[in-house]
Amino acid sequence: LGQAADAARELARLQRTIVTQLRKASVAAPWNCLHGRVLNDRGIAAGHMGDHSAEEAFYRKAASVRRRSGRRFDLAITLNNLTECAIEKHRLDLALRHARQVLAIFQDTSQRSLVLAFCHDNLGDIQARLGHLSEAQSHYRRAIEIGARGGYRRIQAEASLGLSGVLLSAG
């Protein structure tokens with residue numbers, strides 16, 4: 001655990017250095033994709049260090065940057081991270097709003113990605129916690145399907161675990 005915390009602190013330090021260098025270089029487009037990535041990664045690092053307030057704050061900043069950049073896929077990644085933060089804080093209404101934004105990004109594309117699979121897994125978690133077991137099953141199955149087509153074993157395992165829990169609860 002100590003090594004993970006040290007690595008997360010080092011990542012945060014390196015990312016702060018990148019942001020400083022971007023500012024010094026007076027980047028013409030301050031809302032560029034690199035800035036959004038750095039903020040998103042700092043959110044990840046803060047979460048690994050257990051600072052969940054900073055984690056959410058970095059994700060919110062990253063989402064703002066990514067909205068302005070127009071990079072919808074990158075925005076979906078950050079919104080998915082915000083969804084997970086909201087689930088952890090039992091703020092299911094907020095989690096649902098973020099997850100629906102992710103689905104809207106993918107609605108007009110045939111792209112089936114790991115981000116979309118994680119979004120369906122998150123929606124399964126939300127619906128299960130709300131007691132909507134049929135909807136939860138549907139989302140978990142969709143995550144498993146996307147994961148299988150893309151070869152994403154981790155999401156297949158996570159969604160399968162969620163689905164099995166819902167099926168056991170349903171009797």
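What is the accessible surface of the protein, and what percentage of this surface belongs to carbon and sulfur atoms? In the predicted model, the accessible surface comes to about 9500 Å², and carbon and sulfur atoms account for 53% of this area. Of the 171 residues in the protein, 43% are buried.

The secondary structure consists of eight helices and zero strands, so that the order of elements from the N terminus reads α-α-α-α-α-α-α-α. Among contacts with a separation of 6 or more, 53% are formed by residues 24 or more positions apart.

The packing of two of these helices was examined in further detail. Two packed helices are described by the angle between their axes and the distance between the axes. For helix α5 (residues 92-107) and helix α6 (residues 114-129), the axes come within 10 Å and cross at roughly 150°. Because angles over 145 degrees count as roughly antiparallel, α5 and α6 are assigned to this class. The crossing of the two helices, α5 and α6, is left-handed.

On the side of α5, the contact is made by Leu 92, Ala 95, Leu 96, Ala 99, Val 102, Leu 103 and Phe 106. Helix α6 contributes Val 115, Leu 116, Cys 119, His 120, Leu 123, Ile 126, Gln 127 and Arg 129. By residue class, the contact of α5 with α6 comprises 12 nonpolar residues, two polar residues and one charged residue.

Notes: Residues are numbered from 1 along each chain as its sequence is written. This is a predicted model: local features need pLDDT of at least 70, side-chain atom pairs count only at pLDDT 80 or more; totals for chains, interfaces and linings use all residues. Side-chain values use heavy atoms; hydrogens and water are left out. Helices (H or I, at least four residues) and strands (E, at least two) are DSSP runs, numbered from the N terminus. Buried means under 20% relative accessible area, exposed over 50%, partly exposed in between (1.4 Å probe, protein chains only). Contact means heavy atoms within 4.5 Å. Accessible areas come from the Shrake-Rupley method with a 1.4 Å probe; for residues, only the protein chains shown count as cover. Axes are lines fitted to C-alpha atoms, for helices over the stretch in contact, and angles run from 0 to 180 degrees between N-to-C directions. Angles under 35 degrees count as roughly parallel, over 145 as roughly antiparallel, 65 to 115 as roughly perpendicular and the rest as oblique. A crossing is left-handed if the near helix is turned anticlockwise from the far one by less than a right angle, and right-handed if clockwise. Ala, Val, Leu, Ile, Met, Phe, Trp, Tyr, Cys and Pro count as nonpolar, Asp, Glu, Lys and Arg as charged, and the others, Gly among them, as polar.
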